[in-house]
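Hello! Here is the structure I promised to pass on to you. Have a look at it first, and then read my notes below.

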Amino acid sequence: MPSCPHIDSVERTPIGLGPPPDDDGCGDCLAIGSTWVHLRRCLTCGHVACCDSSPNRHATAHAGAAGHPVVQSFEPGEEWLWCYVDAGGTEPRGLPPSPSHP
């Protein structure tokens, strides 16, 4: 993928480390009694939400509503970032390993 200014910005600044995750699952799904397929963590605010393969696509909804463009996989063993604005992803460079749900 060509250089993404959103991902490049996250990877060069301390904010890219993000705050701690806010829960161990998709809080939006838990609130409505739904399920998810995979989890994503917002690198701006730490919000954990479900992926686009999940019925409710809460991570995409959060990115649009909050204006937070970059997420990190919140799955064990997965190390990648995704930018919703530029619709592209990459492996993180210089960030600590992704936290993940159990």
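A49 is in contact (heavy atoms within 4.5 Å) with C26, D28, H38, L39, R40, H58 and A59, leaving aside its neighbours within four places in sequence. This is a predicted model, where local features need pLDDT of at least 70 and side-chain atom pairs count only at pLDDT 80 or more, while totals for chains, interfaces and linings use all residues. Residues are numbered from 1 along each chain as its sequence is written, and side-chain values use heavy atoms, without hydrogens and water.

A49 also belongs to the largest nonpolar core, together with C26, C29, L39, V48, C50, A59 and F74. Such a core is a set of buried Ala, Val, Leu, Ile, Met, Phe, Trp, Tyr and Cys residues joined through side-chain atoms within 4.5 Å; buried means under 20% relative accessible area, exposed over 50%, and partly exposed in between (1.4 Å probe, protein chains only). Strand β2 (residues 48-50) gives this core its largest share, three residues; strands (E, at least two residues) and helices (H or I, at least four) are DSSP runs, numbered from the N terminus. A second, separate core has seven residues, including C4, I7, V10 and L43.

Is H68 buried or exposed? H68 is buried, at 16% relative accessible area, and sits in the loop between α3 (58-66) and β3 (70-73). Not counting residues up to four places away in sequence, H68 touches C42, T44, C45, H62 and A63.

Finally, the whole structure holds one salt bridge, a side-chain nitrogen of Lys or Arg within 4 Å of a carboxyl oxygen of Asp or Glu. D52 pairs with R57 here, with the closest N and O atoms 3.3 Å apart. D52 is partly exposed at 40%, and R57 is partly exposed at 41%.

Happy exploring!
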